[in-house]
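Please keep the sequence and the model in view while reading.

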Amino acid sequence: MVLLTLMAAVTIGIVRARNLFAVVVLSGIYSFLMASVMIVLDAVDVAMTEASVGAGMSMVLMLGVLYLTKVEEAVPSHTPWLPLFVAVGTAAVLLYGTVGLPPFGAAENIVHAHVAPRYLEQSIAETTVPNVVTSVLASYRGFDTLGETVVIFTAGFAVLLLLRGRRRSRPSDDA
Amino acid sequence: MKFDLILRIASKLLLPFILLFALYVQFHGDYGPGGGFQAGVIGAAMVILYAIIFGLEAAKRAVPPIVVETMIALGALLFAGVGVTSMLLGGEFLNYSVLAHEPAHGQHLGILLVELGVLITVAGTMVTFFYTFAGRGR
């Protein structure tokens, strides 16, 4: 609860701040709080990913982008009512969706009754890997992980194509 | 930043331990939290810290861009290669049980290799992101 309150405070800070450097630092704080929430929920692997990717890598990339652009946020040229309406509408739809969810953490939920018990019971016997997260990620769901790796591969090459190719074709454009 | 003595010495001390932690997260992923994704990002963070403190050129000399760009493809190829190998050995695609004499050992080996592929691709992609973004300003 303390963590969630802090996250809400950081979000308000992000919305109110005009200095983009402060926004980047605040979003890093948000990611670390999110990682702490994941630890509270016993999802250590997810917490580790959130701390390294969300707080570490995205912050470095954001700072790299800030180095190329201005630090101050531009004054918006339109009224904030339409974005506010979209945001509040999305929040309302999401809140309405949570009403239909099964009770949080209950043992008889569908997600805990499908394939999860089989993974938990057979994982050590079948893969000798004590960390069930790893055995599910790499072995039972190996095909999905291959897809994720290919997504990262595609992202890397897309960035290379976009940022490298432009410089070569228009060398005078580069400051 | 380049002439800040304390930052340079402190990061010099930290760099090997960051890499060691990345390798620990990678190869201990079977037993504790962690795996290829996390280890790849931590390893890339080491290169990026080096680039921030010692300059982009020094980092590119230590870890050339051509190497990181090859790593992007190499990791995905390793992952898919494990799948194809298991097919050639008579199993289904990505069925690691056929990789060794005992199914459990095969699973272990397969998971290790696949996580290594993920590590290589993630680290290569992250460092490439940083190189291309940081290289645009100059």
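Axes here are lines fitted to C-alpha atoms, for helices over the stretch in contact, and angles run from 0 to 180 degrees between N-to-C directions. The model is a predicted one, and the points below are grouped by topic.

**Packing of α4(B) and α5(B)**
- In chain B, the axes of helix α4 (residues 65-88) and helix α5 (residues 103-136) come within 7 Å and cross at roughly 155°.
- Because angles over 145 degrees count as roughly antiparallel, α4(B) and α5(B) are roughly antiparallel to each other.
- The crossing of α4(B) and α5(B) is left-handed, and the contact between these helices has 17 nonpolar, six polar and one charged residues.

**The largest nonpolar core**
- This core has 34 residues, of which B:Phe79, B:Tyr96, B:Val122, B:Met126, B:Phe130 and B:Tyr131 touch the most other members.
- The elements that give two or more residues to the core are α3 (44-68) and α8 (142-169) of chain A, together with α2, α3 (56-62), α4 and α5 of chain B.
- The largest share of the core, ten residues, comes from α5(B).

**Helix α2(B)**
- Helix α2 of chain B (residues 36-54) has 19 residues, which at 1.5 Å a residue should span 27 Å, and its end C-alpha atoms are 27 Å apart, in agreement with that expectation.
- Of the 19 residues of α2(B), 15 are buried, so that the helix is mostly covered.

Methods. Residues are numbered from 1 along each chain as its sequence is written. Chains are lettered from A and ligands numbered from 1 in the order in which they are written. This is a predicted model: local features need pLDDT of at least 70, side-chain atom pairs count only at pLDDT 80 or more; totals for chains, interfaces and linings use all residues. Side-chain values use heavy atoms; hydrogens and water are left out. Helices (H or I, at least four residues) and strands (E, at least two) are DSSP runs, numbered from the N terminus. The expected span of a helix is 1.5 Å times one less than its number of residues. Buried means under 20% relative accessible area, exposed over 50%, partly exposed in between (1.4 Å probe, protein chains only). Angles under 35 degrees count as roughly parallel, over 145 as roughly antiparallel, 65 to 115 as roughly perpendicular and the rest as oblique. A crossing is left-handed if the near helix is turned anticlockwise from the far one by less than a right angle, and right-handed if clockwise. Ala, Val, Leu, Ile, Met, Phe, Trp, Tyr, Cys and Pro count as nonpolar, Asp, Glu, Lys and Arg as charged, and the others, Gly among them, as polar. A nonpolar core is a set of buried Ala, Val, Leu, Ile, Met, Phe, Trp, Tyr and Cys residues joined through side-chain atoms within 4.5 Å.
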